[in-house]
Amino acid sequence: GILKVVVIIYCFASPGCVQSQDNFEKYYNKQSDIYNDFSAEKQNSAEGLGLLLEIENQFEKLPPDQRKKFVRRMGDTFVGISSVYAAQQNPDKSIAYMQKASDARDGDIDPKYIAQVKDFDNVRNLPAFKKIIDNLTRGKILKAPFDFNTKIATKKLKRDLTILKESLEEA
């Protein structure tokens, strides 16, 4: 009854409470704008990292069916988290988040962008990080071997069509 109404009103008034896709999208955009307005030094601070980790925390609270809409965008957030951890000399977490980013975006991250980000300088040559970067697909022409697996080829084609559709919708 009345307690449920109070909780719902509190939830919508509270910046840390995201229960729906629309609320998460507004929250994500607001927090991303705040983070992007930070100086590079502040982005790599505990405050910058905390902001990105809170976006991830709110994303994880969404129901799985609602998370699907934001998975690719969260890939960008994971790249940011990876970058901050690299700048903070935490290679294990940096590598873990770069893998999360690659998984969230199906490898569709521009390796040229990663090469330009100075924060990755301390992890760039680590074998685990290099392996992730070497497996990124953006800008690569994927060639199927002569005896390719039809299921894998179909999955890649569906992924590429989804990426194309999403980019056309965003344009």
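Analyst: A residue is buried at under 20% relative accessible area, exposed at over 50% and partly exposed in between, with a 1.4 Å probe and protein chains only. In this predicted model, 35% of the 171 residues of the protein count as buried. Residues are numbered from 1 along each chain as its sequence is written, local features need pLDDT of at least 70, side-chain atom pairs count only at pLDDT 80 or more, and totals for chains, interfaces and linings use all residues. Side-chain values use heavy atoms, with hydrogens and water left out.

User: What is the mean pLDDT of the protein?

Analyst: pLDDT is the predictor's confidence in each residue, from 0 to 100. Its mean here is 80, and 76% of the residues reach 70 or more. Over residues 1-16 the pLDDT is below 50.

User: How many helices and strands does the protein have?

Analyst: Helices (H or I, at least four residues) and strands (E, at least two) are DSSP runs, numbered from the N terminus. The protein has 10 helices and 0 strands. Among these elements, mean pLDDT is lowest in helix α1 (residues 2-13), at 39, and highest in helix α7 (residues 91-104), at 95.

User: At what angle do α6 and α7 pack?

Analyst: Axes are lines fitted to C-alpha atoms, for helices over the stretch in contact (heavy atoms within 4.5 Å), and angles run from 0 to 180 degrees between N-to-C directions. Helix α6 (residues 71-87) packs with α7 at about 165 degrees, their axes 8 Å apart. The two helices are therefore roughly antiparallel, a term for angles over 145 degrees. Residues that meet include Phe78 and Tyr85 in α6, and Tyr97 and Met98 in α7.

Definitions and conventions
Angles under 35 degrees count as roughly parallel, over 145 as roughly antiparallel, 65 to 115 as roughly perpendicular and the rest as oblique.
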